[in-house]
Amino acid sequence: MAKLFFKETYSPLSSDEIIAKEKANMDNKRFKHCVRVSETSRKLAKLNNYDEDKAALAGFVHDYAKQEYRKVIKTQGFDQDLLNWNRSIWHGIVGTYFIKRDLKITDKEILTAVDRHTTGDVKMTTLDKIVFMADFIEPGRDFPGVDEARKITFANLDDGVGFQLAHTLSYLIKDRNKIYPRTFKAYNVWSTKKK
Ligand SMILES: [Fe+2]
Ligand SMILES: [Fe+2]
């Protein structure tokens, strides 16, 4: 693993401070996942002519969140419908609040990519897609279809987004889980067959 380093372009905190805060905020397993998402984001950025350093930082912080979700949703202007959902949705959308507060990152593009990483969205920027896909295909991921997901994503980022949404929806439906409306809408845009 190359030594982690983030330029101080997007936060007044130093690279070491961001890394230390991230490490203190999660167990080692999740920290390593974030490092791999960062590295995979960098790779996807290069393939898609996007700022590699920015993508690496967004990937690194994508799972930074704290356990005060309900309080933050109630007091910080979030959609109150979020209270009907759970951590798997909150940690991206509400995670943006913690990233601003603790890591002092205010860049809209980075925050939006974190916001959308658990749900996808109808409109996704290149950075949104990079983080969304890096989270899904980082080298630690192991699920039936992951090799295909990697192949598709490295060939075409948009096709990767479509693949992930279809894959996630089919798993959620198989277990009779609720689907977050934004994910449904995203599926209709990215994953249905173009006739
Ligand atoms: Fe996540
Ligand atoms: Fe993640």
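Helices here are DSSP runs of H or I with at least four residues, numbered from the N terminus. Helix 2, helix 5, helix 8 and helix 10 each contribute at least two lining residues. The pocket holds about 970 Å³ of space. It is lined by 33 residues, and the closest to its centre are S88, H91, T118, R141 and T168.

This is a predicted model, in which local features need pLDDT of at least 70, side-chain atom pairs count only at pLDDT 80 or more, and totals for chains, interfaces and linings use all residues. Residues are numbered from 1 along each chain as its sequence is written, chains are lettered from A and ligands numbered from 1 in the order in which they are written, and side-chain values use heavy atoms, with hydrogens and water left out.

**Pocket and cavity terms**

The search runs on a 1 Å grid over the protein atoms alone. A pocket is an open set of points with protein on both sides within 12 Å along at least five of seven lines. A cavity is a set of points where a 1.4 Å probe fits but cannot get out. Lining residues have an atom within 4 Å of a point. Grid points are joined across faces, edges and corners, and a volume is the space filled by probe spheres set on the points.

The structure holds one cavity of 30 Å³ or more. The largest cavity has a volume of about 30 Å³. F6, K7, T9, Y10, D53, K54 and L57 form its lining.

Donors are N, O and S atoms within 2.8 Å of the metal (3.2 Å for Na, K and Ca); water is not among the atoms, so sites may look incomplete.

| Ion | Protein donors | Distances |
|---|---|---|
| iron ion (ligand 1) | D63 (OD), H91 (NE2), H117 (NE2) | 2.1 to 2.2 Å |
| iron ion (ligand 2) | H33 (NE2), H62 (NE2), D63 (OD), D135 (OD) | 2.2 to 2.3 Å |

D63 bridges the iron ion (ligand 1) and the iron ion (ligand 2), which lie 3.3 Å apart. D63 sits in the loop between helix 3 and helix 4, and H91 in helix 5 (residues 87-93), so this pair ties together parts that are 28 residues apart in sequence. Both D63 and H91 are buried. Buried means under 20% relative accessible area, exposed over 50%, and partly exposed in between (1.4 Å probe, protein chains only). Along the chain, the donors of the iron ion (ligand 1) are spaced D-x27-H-x25-H.

For the iron ion (ligand 2), the spacing is H-x28-H-D-x71-D. H62, in the loop between helix 3 (52-61) and helix 4 (69-75), and D135, in helix 8 (residues 126-137), are 73 residues apart, so the pair links distant parts of the chain. Both H62 and D135 are buried. The four donor atoms of the iron ion (ligand 2) make angles of 79 to 172 degrees, and the site is irregular. Four donors count as tetrahedral if all angles lie between 85 and 135 degrees; four count as square planar and six as octahedral if opposite donors are over 155 degrees apart and all others between 65 and 115; anything else is irregular.

**Helix 8**

How enclosed is helix 8? Eleven of its twelve residues are buried, so helix 8 is largely enclosed by the rest of the structure. Contact means heavy atoms within 4.5 Å. At 1.5 Å a residue, helix 8 should span 16 Å, and its end C-alpha atoms are 16 Å apart, which agrees. The expected span is 1.5 Å times one less than the number of residues.

I89 lies in helix 5. At 9% relative accessibility, I89 is buried. Leaving aside neighbours within four places in sequence, I89 is in contact with L82, T118, T119 and Y180. I89 and D115 are 26 residues apart in sequence and 9.2 Å apart in space, C-alpha to C-alpha.

K185 belongs to helix 11 (residues 181-190). K185 counts as exposed, at 53% relative accessibility.

K3 is in the segment before helix 1 (15-24). K3 is exposed, with a relative accessible area of 70%.
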